[in-house]
Amino acid sequence: MRRLLPALLFLAASTGFSKEIYFPIAGSVSNLGVFKTDVRIFNPSNTTDITVQAFLLPVGNHDNSAAAAHNVTVPKRQMLVLNDVVTQFGGTDLAAIRLTSTDDFVATERVYVQQSATSSCNIAGTLGQDVPAIDATTTANKQGVLLQLRTTTAFRTNIGAVNPGTVAANVTFKLYDKNNALVSTGTAITMPPKGVIAPTNMTSGFFFSPGSADLSDAWVGYTSDQPVITYASVVDNATLDPTFIAMAADSGSSTTSTPSTHTFSVTTRSFAIDISPDPAGVVKSGDTVVLNIIGRDTTHGLEFDTPAGQQIFNVASIAPGQSIQKTFVATSEGTYNYFCTRPTCGGGHGSMFGQMVVGQPSDTTRPGY
């Protein structure tokens, strides 16, 4: 027993308390209307001053694992005030903040814009939002959801993410509309260790291309091979009032499958467009479609459109015997329309159209010519 006691004491000492939290967005940016970030750190100890290590993780989805540590001391039973914290750590742009300590601590953050007085309002003030401290060990997840998102003429939604791990994470986001229909699957994103994705507009950035989908009450789900932190900020376009949307864990079974590549032969002839093999039920959202196109008998054209009516490609001329290859990614579920674009191909031109359904069909009509 005497021999075991020193070993047990060493084990207890080597497995001491450790805390690691993240603020997924912070910044000090003058071109955003003097966008700033204030942080408060509280030491709950009655007896001991503590040291907290702060790491500034710049946006850009870079490897930030070598970020320098900034040590701050918090006296016992006191709150440390860190106004415009990003500049205090040498930053001049958007970033995430990582805080670690071998002692317990509490931290809060507020991001805000300093507004100037206007002709309609003679009082200057601030407009911003609280950002919760996110515990990487309990909150980062391989599967999560962001709810209550809105993109309309009145609102816009930004999405951001942080990889708190020491290895790269491969993340795929999916966007669902007001009726819970899958609208768009984003391109798989590789996030390096401690990588940070800046808050990016949900519909005009690299996340999604939703077309005309109803996003007045939308949600986003994600899957990853490593635990990550995601969040959203919904901004009122009229008042600029932002609402922070924290990630919630998704306990359901993942329906994400590895994207596949499907190759089809496409023949344009008078007066039909033939695709072989039959694509019905074959292509899923996120899959790559390869079309080997060959012309017969006379010159035709070929256009492919997304379920939202956006053009994927338009081959203006396919001569008899000519071979052309086109490749695209089916980024959303729905009905993809394809049709001949040369009305001079003959009297049966109006019958040269077809549809490729990916996942669930959408309500689309035959395209015009």
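## Cores, strands and backbone of a predicted model

Leaving aside neighbours within four places in sequence, Phe105 is in contact with Lys19, Ile21, Ile41, Phe42, Pro44, Ile50, Val52, Leu99 and Thr100. The structure described here is a predicted model. Phe105 also belongs to the largest nonpolar core, which has 40 residues. Together with Phe105, the residues with the most contacts inside this core are Phe23, Ile41, Val52, Ile97 and Leu99. Strand E3, residues 50-58, contributes the largest share of this core, namely six residues. Apart from this core lies another one, of 25 residues, which includes Leu149, Phe208, Tyr222 and Met247.

### The protein as a whole

The protein contains three helices and 26 strands. Of its 369 residues, 44% are buried. Contacts between residues at least 6 apart in sequence join residues at least 24 apart in 73% of cases. The protein exposes about 18100 Å², and carbon and sulfur atoms supply 51% of that area.

### Strand E1 and its partners

Strand E1 covers residues 19-27, and nine of its nine residues are buried, so this strand is largely enclosed by the rest of the structure. One partner of E1 is strand E6, residues 94-101. Seven bridges join E1 and E6, and the two run antiparallel.

### An open sheet of four strands

Which order do the strands of the open four-stranded sheet follow? The order is E5-E2-E7-E8, and the pairing is antiparallel. The edge strands, each pairing on one side only, are E5 (79-82) and E8 (125-131). On average, neighbouring strands of this sheet are turned by 20° against each other, direction ignored.

Strand E2, residues 35-42, is joined to E5 by four bridges, and these strands run antiparallel. In this pair, Val39 stands opposite Leu82 of E5.

### Backbone features in the loops

Most residues other than glycine have a negative phi, and most peptide bonds are trans. The table lists departures from this pattern in the model.

| Site | Feature | Value |
|---|---|---|
| Ser270 to Phe271 | cis peptide bond | omega near 0° |
| Ser276 to Pro277 | cis peptide bond | omega near -5° |
| Asn61 | positive phi | phi near 60° |
| Asp297 | positive phi | phi near 55° |

Phe271 lies in the loop between strand E19 (261-269) and strand E20 (272-276). Pro277 lies in the loop that runs from E20 to strand E21 (288-295).

Asn61 is found between E3 and strand E4 (69-74), and is partly exposed, with a relative accessible area of 21%. Asp297 is located between E21 and strand E22 (300-305).

### Cysteines without a disulfide

How many disulfides does the model contain? The count comes to zero.

How values were computed
Residues numbered from 1 in each chain as written. Predicted model: local features only at pLDDT ≥ 70, side-chain atom pairs only at ≥ 80, totals over all residues. Heavy atoms only, no water. Core = buried A, V, L, I, M, F, W, Y, C linked by side-chain atoms within 4.5 Å. Buried < 20%, exposed > 50% of the residue type's maximum accessible area, 1.4 Å probe, protein only. Contact = heavy atoms within 4.5 Å. Disulfide = S-S within 2.5 Å. Pairing = 2+ DSSP bridges. Axes fitted to C-alpha atoms, helices over the stretch in contact; angles between N-to-C directions. Areas by Shrake-Rupley, 256 points an atom, 1.4 Å probe, with all protein chains shown as cover.
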